[in-house]
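Please keep the sequence and the three-dimensional view at hand while reading.

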Amino acid sequence: MSDLSAIDHGQEAGFGDYVQLLKPRVMSLVVFTAMVGLIVAPGHVHPFVAFTAILFIALGGGASGALNMWYDADIDRVMRRTQGRPIPAGRVTEGEALGLGLALSVLSCLMLGLATNWFAGAFLGFTIFFYVVIYTMWLKRSTPQNIVIGGAAGAFPPMIGWAAVTGGASVESLLMFLLIFMWTPPHFWSLALFMKDDYSRAGVPMLTVTHGRRAARRHILAYTLLLAPFPLALALSSIGGPVTLAASVVLNLIFILGAVRIVRRDEASAEADGYKAEKAFFRFSLAYLFLHFSALLVEAGLAPFGLGGW
Amino acid sequence: MALRQEHEIYNRRLGRNLGLGLVLLAFVALIFGLTVVKISHLEEGKLPSAEASQ
């Protein structure tokens, strides 16, 4: 491309646009939960190896984000929330996103395998496959349960962190997975309740669109109730302790109360106050997950002093 | 006024190239650090079986 044509084009990507392709905000959740999985796992890894592992788990998550943006570019162009992303905005081409996503996927799995063990590397590869192929390409556009099953991809990072240290899986790592897995549906459905027309305009079969908003409210409560036993079991497991148990009881009570408030409201009252309860529930859901994993960190941090844990 | 007014796109390209350069440097440093850690662990007695049997 000559300089002139580049200037005419005027939409050349900056470095930040490529960073944007990796969905840095989603990455922060991946980094945090993978780090907790790695720290609470029994055994020892050199801090530099641990740092490398978290970095490449995050990069793998970023790579799947880029592949998601490549495949979903048509949806992103329609939805208001995503119109500013690099591909719909015309700063990065779909091919570039695909190339970056594929290259970073291979690199992150190889590097995680080399730095820690091949089980962890393969697990990361499976997670990327699950998010991109099973969720993005298949379920997201075909079933209103897309969020439920797709949530598994976001729930794998603590298991990968655990696998990086132990080379395997266990009841504890599975419980961390189940905590995020069961938390994802109420989290996203509450978002779908107040992001109204976006999903329907894009033709994504969100529960709020296919089964109605009343059903979505009931589903939020059902999943919030189904979720509660898993963090409580996690608190009673070998990586939990009194701090986690106390935190979990309080957090689950608040979460369930929030879900009850949502199910009791109808659309008219929700619209009247600008979806206040739904927005509050969504914000609290972020704190819910963050505080559960923080409690596990506290238990691990107290262990050297003879405190924390059971 | 300068004779040659630089187009904004050159700044963006510079930023992109610098960013990529820094990422590559960081990657080199990471591989180096990882190598040092792995080799020093080997020296601590965790020799691979082939070497240990010699």
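In which helix of chain A is the place of Ile57(A)? Ile57(A) belongs to helix H4 of chain A. The structure discussed here is a predicted model.

## Ile57(A) and its surroundings

Ile57(A) counts as buried because it has 33 C-beta neighbours inside 10 Å. Leaving aside residues up to four places away in sequence, Ile57(A) touches Val30(A), Ala34(A), Leu112(A), Leu124(A), Pro157(A), Ile160(A) and Gly161(A).

Along the chain, Ile57(A) and Ala287(A) are 230 residues apart, and their C-alpha atoms are separated by 22 Å.

## Helix H4 against helix H7

Helix H4 of chain A packs with helix H7 (residues 118-139) of chain A at an angle of about 20 degrees, and the two axes are 10 Å apart. Angles under 35 degrees count as roughly parallel, and H4(A) and H7(A) are therefore roughly parallel to each other. The crossing of H4(A) past H7(A) is right-handed.

On the side of H4(A), the contact is made by Ile57(A), Gly60(A), Ala63(A), Ser64(A), Leu67(A), Asn68(A) and Tyr71(A). H7(A) contributes Leu124(A), Thr127(A), Ile128(A), Tyr131(A), Val132(A), Thr136(A) and Met137(A). Divided by class, the contact of H4(A) with H7(A) has 9 nonpolar residues, 5 polar residues and no charged ones.

## Helix H3 and what covers it

Helix H3(A) consists of 17 residues. From its first C-alpha to its last, H3(A) reaches 24 Å, which is close to the 24 Å expected at 1.5 Å a residue.

Which residues of H3(A) are buried? They are Val30(A), Phe32(A), Thr33(A), Ala34(A), Met35(A), Val36(A), Gly37(A), Leu38(A) and Val40(A). The cover over these buried residues of H3(A) includes helix H4 (47-71), helix H9 (157-166), helix H10 (171-194) and H17 of chain A.

## Helix H3 against helix H17

Helix H3 (residues 24-40) and helix H17 (residues 276-302) of chain A have axes that come within 10 Å and cross at roughly 30 degrees. That angle makes H3(A) roughly parallel to H17(A). The crossing of H3(A) and H17(A) is left-handed.

Phe32(A), Thr33(A), Val36(A), Ile39(A) and Val40(A) of H3(A) make this contact with Phe293(A), Leu296(A), Leu297(A) and Ala300(A) of H17(A). The residues of the contact of H3(A) with H17(A) comprise 8 nonpolar, 1 polar and no charged.

## Two loop residues with positive phi

Most residues other than glycine have a negative phi. Lys23(A), although not a glycine, has a positive phi of about 50 degrees. Lys23(A) is placed in the loop between helix H2 (15-21) and H3 of chain A. Is Lys23(A) buried or partly exposed? Lys23(A) counts as partly exposed, because 19 C-beta neighbours lie inside 10 Å, whereas a buried residue has 20 or more.

Tyr275(A), which is also a residue other than glycine, has a positive phi near 55 degrees. Tyr275(A) sits in the loop between helix H16 (267-272) and H17 of chain A. With 21 other C-beta atoms within 10 Å, Tyr275(A) is buried.

Glu267(A) lies in helix H16 of chain A. Glu267(A) is partly exposed, with 14 other C-beta atoms within 10 Å. In sequence, Glu267(A) and Ala66(A) are 201 residues apart; in space they are 35 Å apart, C-alpha to C-alpha.

Helix H8 (residues 146-155) of chain A has Asn146(A), Ile147(A), Gly150(A), Ala153(A), Gly154(A) and Ala155(A) as its buried residues. What do the buried residues of H8(A) pack against? They pack against H7 and H10 of chain A.

## The contact between chains A and B

How many residues of chain A are in contact with chain B? There are 10 residues of chain A in contact with 11 residues of chain B. On the side of chain A that touches chain B, helix H1 (3-9) and H4 each supply at least two residues. H4(A) gives the most to that side, with 3 residues.

By class, the residues on the side of chain A that touches chain B are 6 nonpolar, 3 polar and 1 charged.

How values were computed
Residues are numbered from 1 along each chain as its sequence is written. Chains are lettered from A and ligands numbered from 1 in the order in which they are written. This is a predicted model: local features need pLDDT of at least 70, side-chain atom pairs count only at pLDDT 80 or more; totals for chains, interfaces and linings use all residues. Axes are lines fitted to C-alpha atoms, for helices over the stretch in contact, and angles run from 0 to 180 degrees between N-to-C directions. Helices (H or I, at least four residues) and strands (E, at least two) are DSSP runs, numbered from the N terminus. Angles under 35 degrees count as roughly parallel, over 145 as roughly antiparallel, 65 to 115 as roughly perpendicular and the rest as oblique. A crossing is left-handed if the near helix is turned anticlockwise from the far one by less than a right angle, and right-handed if clockwise. Two residues are in contact if their C-beta atoms, placed from the backbone, lie within 7 Å. Ala, Val, Leu, Ile, Met, Phe, Trp, Tyr, Cys and Pro count as nonpolar, Asp, Glu, Lys and Arg as charged, and the others, Gly among them, as polar. The expected span of a helix is 1.5 Å times one less than its number of residues. A residue is buried if 20 or more other C-beta atoms lie within 10 Å of its own, exposed if 12 or fewer, and partly exposed in between; C-beta atoms are placed from the backbone.
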